[in-house]
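Hi there,

Here is the structure I promised to hand over. Please have a look at it first, and then read on for my notes on side-chain contacts.

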Amino acid sequence: MRALLDSARVVPPGELHCSQWIEEPTLLVTRFEYANLFHTITDWYSAYVSSRVTNLPDRPNVVFVDGHCKAPLEQTWESLFSNVTYAKSFSGPVCFRHAVLSPLGYETALFKGLSESFSCEGASAQSLRNKPDHQKTARLSEFGEMIIASFDLLEDGIVPPKKTSNGLKILFVRREDYLAHPRHSGKVESRLSNEQEVFDAVEKWAKGQKCKITVVNGLFAHMSMKEQLQAILEASVIIGAHGAGLTHLVSATPDTKVLEIISSFYRRPHFGLISRWKSLEYHAINLPGSYASIPDVTSELGNILKGLGC
């Protein structure tokens with residue numbers, strides 16, 4: 001990004017030669033870890049905030065100025081924005097009437113919480129319109145609603161309420177180990193070594209509760225983006241090991257409860273912060289390693305369900 005800015009030059013009159021002019025406002029985006037949901041959502045958030053603070057029209061155009069290839073998550077880029085193009089596909093010099101450089105994903109608020117502390121709580125847009133408060137934000141909730149709207153999941157223009165007449169849903173977000181992209185040099189590590197055991201135990205435990213509870217197997221890697229979002233919206237409780245799938249909390253409704261299981265080998269505040277900025281009720285089980293105690297998990301779930309009247 002610095003190299004891109006350092007390469008900027010003022011061109012004298014008559015010396016600007018363009019093979020193509022892009023008239024519409026355009027976001028120039030540099031993606032990182034383009035196959036990872038968390039990092040991709042930070043890029044979506046950067047693009048969204050850039051369009052908001054610069055007063056761009058809804059769903060502006062996007063041009064990728066990185067060298068990454070097409071990835072499965074690009075379908076969501078195309079749903080969120082009007083047009084998605086690769087700079088490397090341009091032939092000849094291209095000129096933009098109005099270009100906005102979107103911040104790098106590592107420079108967004110979603111990532112800044114890892115390295116610095118700042119006071120910010122979630123609130124509804126309506127409450128902040130009535131009573132502005134610079135230490136509260138509705139920005140992340142608005143962003144989540146934009147994602148939901150782009151997949152036609154709003155009802156009459158609003159996020160639909162949970163349908164609990166047939167009981168509550170606990171969404172267990174599963175984590176499948178993978179490398180973010182072929183050039184990734186990192187080591188694949190399990191965040192919850194007995195995840196299948198925990199899932200099976202939660203399913204069995206749920207059947208013995210006084211309320212009707214459905215445990216949803218959140219294998220997001222095998223679900224379409226719309227199916228993933230639908231599962232998030234319908235869940236009263238979202239549980240899972242620390243992993244990219246929990247980034248979908250940005251689209252959760254305000255009455256959603258969160259239980260994160262955190263390995264001692266990988267403690268990061270990502271999802272606690274997202275919950276805070278969304279004003280979601282957040283709970284965590286910090287493991288001494290990567291193995292979770294079944295009684296600890298079901299006990300914490302039981303306490304959460306008590307708050308839901310179950």
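Glu121 and Arg276 meet through their side chains in a salt bridge, with 3.1 Å from N to O. Glu121 belongs to strand β7 (residues 121-122) and Arg276 to helix α9 (residues 270-278), so this contact ties together parts that are 155 residues apart in sequence. Please keep in mind that the model is predicted.

How exposed are the two partners? Glu121 has a relative accessibility of 36%, so it counts as partly exposed.

Another one joins Asp255 and Lys162, whose closest N and O atoms are 3.9 Å apart. Here, too, distant parts of the chain are linked: Asp255 sits in the loop between β11 (237-241) and β12 (257-262), Lys162 in the loop between α6 and β9 (168-173), and 93 residues separate them. Are these two residues buried or exposed? Asp255 is partly exposed, with a relative accessible area of 42%, whereas Lys162 is buried at 16%.

Since Lys169 lies in strand β9 and Glu234 in helix α8 (residues 225-234), the pair ties together parts that are 65 residues apart in sequence. Lys169 is partly exposed, with a relative accessible area of 30%. Glu234 counts as partly exposed too, at 33% relative accessibility. There is also a network: Arg52, Arg139 and Glu142 are joined by salt bridges that share partners.

Now to the rings. How many aromatic pairs does the structure hold? There are 10 aromatic pairs. One of them is formed by Tyr48 and Phe143; this pair is tilted, with 5.5 Å centre to centre and 35 degrees between the planes. It links distant parts of the chain, as Tyr48 is in helix α2 (residues 37-53) and Phe143 is in helix α6 (residues 139-150), 95 residues apart. Tyr48 and Phe143 are both buried.

Phe64 and Trp77 make an edge-to-face pair, where the centres are 5.0 Å apart and the planes are at 80 degrees. Phe64 is part of strand β3 (residues 61-64) and Trp77 of helix α3 (residues 74-80), so the pair ties together parts that are 13 residues apart in sequence. Phe64 and Trp77 are both buried. These two residues also belong to a cluster, in which ring pairs link Trp44, Phe64, Trp77, Phe81 and Tyr86.

Finally, do take a look at Arg174. Which rings does Arg174 lie over? One is Phe172: Arg174 lies over the face of that ring, at 5.9 Å from the ring centre. Another is Phe199, where the charged end of Arg174 sits over the ring, 4.8 Å from its centre.

Best wishes, and happy browsing!

How values were computed: Residues numbered from 1 in each chain as written. Predicted model: local features only at pLDDT ≥ 70, side-chain atom pairs only at ≥ 80, totals over all residues. Heavy atoms only, no water. Phe/Tyr/Trp six-rings, centres within 6.5 Å; stacked < 30°, edge-to-face > 60°. Helix = DSSP H or I, 4+ residues; strand = E, 2+ residues; numbered from the N terminus. Buried < 20%, exposed > 50% of the residue type's maximum accessible area, 1.4 Å probe, protein only. Lys NZ or Arg CZ within 6 Å of the ring centre and 35° of its normal. Salt bridge = Lys/Arg side-chain N within 4 Å of Asp/Glu carboxyl O.
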